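Good morning, colleagues. Please take a moment to look at the sequence and the model on the screen, and then I shall speak about charged side chains and a metal site.

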Amino acid sequence: MHTAAEESVQACPDCGTEIRVHGRFSAWCAACDWNVDPAPPEERPGRLARAQRAQARRYGERLLAELTAGGTLRPRRDASSVLAYALALAVHAVTVAVTGAGIGFLIRGWGGFGMVPGALFLTLAWSLRPRLTRLPTDVPVLRRADAPELFTLVDQVAVVVGTRGVDAIAVDSSINASVVTYGIGDRRLLTLGLPLWEILTPQQRIALLGHELGHYSNGDTRHRRVVATAYRSLFTWEYFFHPYPDVTLLTVTINVFYALPRWILLGLLLLLDRLTLRGAQRSEYLADRLAARAGSTEAAVELFDRLLVSRSAEVTLMREANASSVRGPRTRGDDDRADGLWERLAADLRSVPDHERERQRRASIRRGHSVDSTHPPTWLRQTALRIGPPVPPAVVSDAGRELRIGAELTTVRRTVARRILRDGYGD
Ligand SMILES: [Zn+2]
Ligand SMILES: [Zn+2]
């Protein structure tokens, strides 16, 4: 707890307003935003990341304006998503054609030299094939039998947002969550970042699950898979047409012939990127609406608030990891420290005063905080949720269930905590 002794008062150097200074946090002015984002420039995002964020922000703002103007988002795809999908299918069609040509040459030239082009075409097709996503092997993966109560909660949220639950839950150390389909067919993987999960209330967790599962019910994961595999095929093509670096008559001639297909490929990659980003932003707003339906508008708004101040959690975990690494080889003490890590993280965040929370919120908004480059800025998503009447929760949790889920996560909590202390964290 913060006592008055830790607090002092000074005048803002810019506007003269009286500002309160808390011992372990930087001083800033709520009236004129002086020193609201004191981090050194090297901690700020690089140029490419900034450009991506600027674009994400433009799309995000345009969509928000449409919403504010009374427009509705329907879970059908917009024109750019449909174009991205068509482009992706065309790329896959080329791969199929290459395979067909390979088989054709092979049959016609069977037993002779005619087989050589067949083999070449098939090798090319193999390198271009859409690759399956697999379950991660470097983080713990839970199956239904490992965490029945957690899977039941996921199932309930899934029903509310109009889909079915997941087949596996991976737990990693990110301040994020995500969904993908993996393997053959429609097998589903939910990835939960434990540092995020641990700092959320039960109701905020339900909102988070609502958002993630909403991507399944809106068909985003299927869409993403088709587009992402095509993206990869295009990248492979681009690799084949890479210019040769050495300068001989032969390589220069080849490079001249490579230039056109290469430019076309780069153009296609860029186009796919743009089309995808626009559609992705739309699907995030839609998933946010399902987050509110599952956990309530209030919980979804609070969830974004947690994300806006998630830097605190990052700092705490980095400090914990550093304290662990300076003491050298692993000791029994490290394991004890790992066991209390999540409780310390939660306590640390509770101890952050409102004053500092507000500063972080403003700094995050200035930096255009978003969970990644495809998401609209977090504060725009929060604003979007506040448009329209708030909705009550469709799923609620109770203390008994929370305890059972906590117990199911005991082992992974320990595993992830030990890994953070052993391998370090962040940046
Ligand atoms: Zn000021
Ligand atoms: Zn999302």
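Arg-224 is partly exposed, with a relative accessible area of 34%. Please bear in mind that we are looking at a predicted model. Which residue does Arg-224 pair with in a salt bridge? The partner is Glu-284, and the closest N and O atoms of the two are 3.9 Å apart. That distance qualifies because a salt bridge requires a side-chain nitrogen of Lys or Arg within 4 Å of a carboxyl oxygen of Asp or Glu.

Is Glu-284 buried or exposed? Glu-284 is buried, as its relative accessible area is 2%, and buried means under 20%.

Helices α7 and α8 are also joined by another pair. Arg-262 and Glu-238 meet through their side chains in a salt bridge, with 3.3 Å from N to O. Since Arg-262 lies in helix α8 and Glu-238 in helix α7, this pair ties together parts that are 24 residues apart in sequence. Glu-238 is buried, with a relative accessible area of 8%.

Let me return to Glu-284, this time at the metal. What are the protein donors of the zinc ion, ligand 2? They are His-211 through NE2, His-215 through NE2 and Glu-284 through OE, lying 2.1 Å from the ion. Along the chain, these donors follow the spacing H-x3-H-x68-E. His-211 is in helix α6, residues 202–217, and Glu-284 is in helix α8, so this pair ties together parts 73 residues apart in sequence. His-211 counts as buried, at 5% relative accessibility.

I turn now to a further salt bridge. The side chains of Asp-33 and Arg-362 meet at 2.6 Å, N to O. This pair, too, links distant parts of the chain: Asp-33 is in the loop between β2 (18–22) and α1 (47–68), while Arg-362 is in helix α13, residues 354–367. The separation is 329 residues. Asp-33 counts as partly exposed, at 23% relative accessibility, and Arg-362 is likewise partly exposed, with a relative accessible area of 23%.

Salt bridges may also form a network, and here one links Arg-164, Asp-167, Asp-186 and Arg-188.

How many salt bridges does the count come to? The count comes to 20. Thank you for your attention.

Key
Residues numbered from 1 in each chain as written. Chains lettered and ligands numbered in written order. Predicted model: local features only at pLDDT ≥ 70, side-chain atom pairs only at ≥ 80, totals over all residues. Heavy atoms only, no water. Helix = DSSP H or I, 4+ residues; strand = E, 2+ residues; numbered from the N terminus. Buried < 20%, exposed > 50% of the residue type's maximum accessible area, 1.4 Å probe, protein only. Donors = N, O, S within 2.8 Å, 3.2 Å for Na, K, Ca; no water.
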